[in-house]
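Thanks for asking me to look this one over. My notes follow as numbered points, so please have the model open beside them.

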Amino acid sequence: MQKTDYSLLCRQMAALLSGVENEISNLANASALLWQALPDINWAGFYLMRNGQLELGPFQGKPACTVIAMGKGVCGTAAEKREALWVPNVHAFPGHIACDCASNAEVVIPLHRNGEIYGVMDIDSPTPGGFSQEDFQGLQAVAAEVERGLFPY
């Protein structure tokens, strides 16, 4: 399987988001860059915290669930616990929400704004165990670049 150069991806993400103040434009470009750069994925995008729940934001992939309650599925659980989750087999995750039945592995990383949950970055793979420890750490670094690009102050 092709390995991702996360150092390069972080630099590309930082350059892509630099100087752009429109959050939706930034998230749309961020999801497109993730889609282009990551091998073996079938969904890459963002859910944004709105009215106490996660609502679908910019993404690449098949149509997705539009609303996810806090504590539900991998995304809602990551947001509620305020921690990144690496799930090698989503079908074994209690309460998994199957937006795309082709997804088998998932990484979800909360994004913060002023110490509060802004949303989550969600990456799915059709391959069971489709993400490694290196991917999990690399994607957390990428998410940190997304946060810096969205909220540079």
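This is a predicted model: local features need pLDDT of at least 70, side-chain atom pairs count only at pLDDT 80 or more; totals for chains, interfaces and linings use all residues.

1. Residues are numbered from 1 along each chain as its sequence is written, and side-chain values use heavy atoms, with hydrogens and water left out.

2. By that rule the structure has three salt bridges. One of them joins the side chains of Arg113 and Glu23, at 3.3 Å from N to O. This pair links distant parts of the chain, with Arg113 in strand E5 and Glu23 in helix H2, 90 residues apart. Helices (H or I, at least four residues) and strands (E, at least two) are DSSP runs, numbered from the N terminus. Arg113 is partly exposed because its relative accessible area is 30%, and Glu23, at 22%, is partly exposed as well. For these labels, buried means under 20% relative accessible area, exposed over 50%, and partly exposed in between, using a 1.4 Å probe and protein chains only.

3. Lys3 and Glu134 also meet through their side chains in a salt bridge, at 3.0 Å from N to O. Lys3 belongs to the segment before H1 and Glu134 to helix H4, so this pair ties together parts that are 131 residues apart in sequence. Lys3 counts as exposed because its relative accessibility is 60%, whereas Glu134, at 38%, counts as partly exposed.

4. Glu145 counts as buried because its relative accessibility is 17%, while Arg148 is partly exposed at 49%.

5. Which residues have the most contacts inside the largest nonpolar core? They are Leu34, Phe46, Met121, Ile123, Leu139 and Val146, in a core of 29 residues. At least two residues of this core come from each of helix H1 (6-17), H2, E1, strand E5 (105-113), strand E6 (116-125) and helix H4 (133-150). H4 gives the most, with six residues. A nonpolar core is a set of buried Ala, Val, Leu, Ile, Met, Phe, Trp, Tyr and Cys residues joined through side-chain atoms within 4.5 Å.

6. Phe46 deserves a look of its own. Leaving aside residues up to four places away in sequence, Phe46 touches, among others, Leu27, Ala30, Leu34, Leu56, Pro58, Leu111, Met121 and Val146; contact means heavy atoms within 4.5 Å. Apart from this core lies another, of 17 residues, including Leu54, Ile68, Ala78 and Val87.

7. Finally, please check two backbone angles. Asp40 has a phi near 60°, a positive value in a residue other than glycine. Asp40 sits in the loop between helix H2 (23-37) and strand E1 (43-50) and is partly exposed because its relative accessibility is 28%. Asn51 has a phi near 50°, again a positive value in a residue other than glycine. Asn51 is in the loop between E1 and strand E2 (53-61), and its relative accessible area of 75% makes it exposed.

Notes: A salt bridge is a side-chain nitrogen of Lys or Arg within 4 Å of a carboxyl oxygen of Asp or Glu.
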